[in-house]
Amino acid sequence: MAQLVSPAGRKLVAGIPMVWLTALFLIPFLIVLKISFSEVRLALPPYAPLFVAHHGVPVPELHLSNYAFLLTDPLYASALVYSLKVAALSTLACLLIGYPMAYAIARSSPTRRSVLLMLVMLPFWTSFLLRVYAWIGLLQSNGVINNVLLALGIVHQPLVMLQTDFSVYIGIVYSYLPFMVLPLYANLEKHDPTLLEAAADLGARPFTRFLRITLPQSVAGIAAGSLLVFIPAVGEYIVPSLLGRTDQLMIGRVLSDEFFENRDWPVASAVAIVMLILLVAPILLLQRFEKDELEAAPQVAAPAEAKAPS
Amino acid sequence: MTQLEPYVRIERVRKDFGGFIAVNEVSLDIHRGEVFCLLGGSGSGKTTLLRILAGLEIPSSGKVYIDGQDMTAVAPYRRPVNMMFQSYALFPHMSVERNVAFGLEQEHVGRREIRERVGQILEIVKMSGFGPRKPHQLSGGQRQRVALARALVKRPKLLLLDEPLAALDRKLREHTQFELLNIQKHLGVTFVVVTHDQQEAMTISSRMGVMDRGEIVQVGTPAEIYESPGTRFVADFIGSVNLFQGEVTATDAEGLCMRCAETGADMRAPGAPVALGTTIWMALRPEKIELARSPVPESAPGALPNQLRGLVKEVGYMGEASVYLIEVGAGKVLRVTRPNAGRDAEPRIARGDAVSLSWHRSSPIVLTR
């Protein structure tokens, strides 16, 4: 293969995305990093110059006041903790709901499977914002659910379902479920059904077979799905803004308020950097799982596949 | 090997998959301690029958008895039966030791006993020391031995093997055939083996059943099946065979005589009388035919009746023996195998030679279907 692609060619192909990533991700990130160390100014842009000339040499001015501020004001810590909690519980809920879904899809006949997968992905064809809005219509005091419950006499006063923790979880789990189902399905679909037959032959009952054969082999799928839900859910903005509590904010909303309402770019940047640091570990984990999947040796395959079937 | 009760009794078992009949009213007895082979081509139903014995398929009708008990609808995890799968089906996320121990754990055997028995069985299959390895770190032959150990460690009454040697190369296959037989004798387990390889079936089985399109066509020892096939299908399926078609022209105390339609010659064979004029076939195995450059007079000592003259079309030298394709007129080509008994003895028979073919009176097999 090396002879077919010249070294210059390889550098060019790998180089273009690298240039893109450097110019549009790395450099902006470094700018944000520097802004987080700057002082706020009533100016445009609303922060002190990034570099100050000291005897002709541009030197970055570093103030730790923004980070100190984050530590002193309880709003930020509580928002971060709340975000992590919501993301973690939403991930768990997605796992408990999504695993049986993925399992059922993986075990269906091929035609059924395509239909089911399409149903899982269909929501992506519509606007995310609209779908979250739809939940308002369902959950509000004179919304569909409450009207049905009142009409049936199950309740006599409308249930308060909006702007609660409950509605945030509903919104996030509903929106992120496909991100759990699809990686899980991709993993479960590759499982060798003969292994379950062998386990049964060796004396394992159905639940034991699931616990000792299926579940251990699906760990990579569970990890991938969980991280794909957890990482973006931490910074989720739209769902808590539309459906969530007004007395407890998630960190994405805090960052946006800091940026747009307070026009305090340095503090907003500091919040962004702290969020990133918190998510570095999960992001690296996800990358390791994806790398393992890509490099994984083919499963211990049927050695007689090439021979005539009996 | 004769018993009052067969160890495994398959009684008129039928399995159809929505219209396709995989196993059609099969009845079969298997005796304790024997190695029974189910031999057949693709789609013959042999694997389905094996899976029915394992409990992985439930028959549409009929019964299966194992050691006297009705096991027809018993779940696989409740049967004293274990299977070695064609793909070995080793659990990839467990080590060799955990794989082999799995079945014992399901029986709630104590940890110390598990360790002992796993160690013993690994030694029997010559895989001691491979305990901590994972399946993907093993070669094909090694995986096979682990699969065998995993099934045998539970001391099943019946071990089912699905194409056990299919994935192995020739040399390893022969070696493993004998190893399997040794282990079987040593442990006394009853084996039921499914294979499409008739050489393998002949080598390892004490008895075999030939299957075709869901039915058992003939059951017998390898010698019985080879030397006395009951139908043209069986004669052709096992080994090579020369088939002659003709009408019965005469019968007597010794057998019958047929006029062969293809060669025009008369052929005799031992057998029960058949009505004159009936179309029958005679099967002649390639190794039963002798070749000579010139006809040997019948009066000469040790001579066989000269039956046919022919022209050698092809010679295949295979080391131990040579295969000759000989045209005997009207386009009919016979296959003859002769051992290469001497090194450069007399000049070898070569392509283009005219030869005489002869065989014992008792060699041809009469087939009525």
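**Exercise 1.** Find where K157(B) lies, and decide whether K157(B) is buried or exposed, or something in between.

*Solution.* Start with the location: K157(B) sits in the loop that links helix 4 (140-152) to strand 7 (158-162) of chain B. Keep in mind that this model is predicted.

Now look for its contacts. Leaving out residues up to four places away in sequence, K157(B) touches I66(B), D67(B), P80(B), V81(B) and T190(B). Finally, check R79(B): this residue is 78 residues apart from K157(B) along the chain, yet their C-alpha atoms are separated by 9.1 Å.

**Exercise 2.** Work out which strands stand at the edges of the open sheet in chain B.

*Solution.* First write down the order of the four strands, 2-1-4-5, with antiparallel pairing. Strand 2 (20-30) and strand 5 (69-70) of chain B each have a single partner strand, so one side of each has no neighbour in the sheet. Then see what packs on the sheet: helix 1 (residues 46-54) of chain B touches strand 1, strand 2 and strand 4 (61-66), and makes an angle of about 60 degrees with the direction of strand 2.

**Exercise 3.** Describe the side of chain A that touches chain B.

*Solution.* Begin with the counts: chain A brings 23 residues to the contact and chain B brings 29. Helix 8 of chain A gives the most to chain A's side, with six residues. Last, sort that side by type: 14 residues are nonpolar, five polar and four charged.

How values were computed: Residues numbered from 1 in each chain as written. Chains lettered and ligands numbered in written order. Predicted model: local features only at pLDDT ≥ 70, side-chain atom pairs only at ≥ 80, totals over all residues. Pairing = 2+ DSSP bridges. Helix = DSSP H or I, 4+ residues; strand = E, 2+ residues; numbered from the N terminus. Contact = placed C-beta atoms within 7 Å. Axes fitted to C-alpha atoms, helices over the stretch in contact; angles between N-to-C directions. Nonpolar A, V, L, I, M, F, W, Y, C, P; charged D, E, K, R; others polar.
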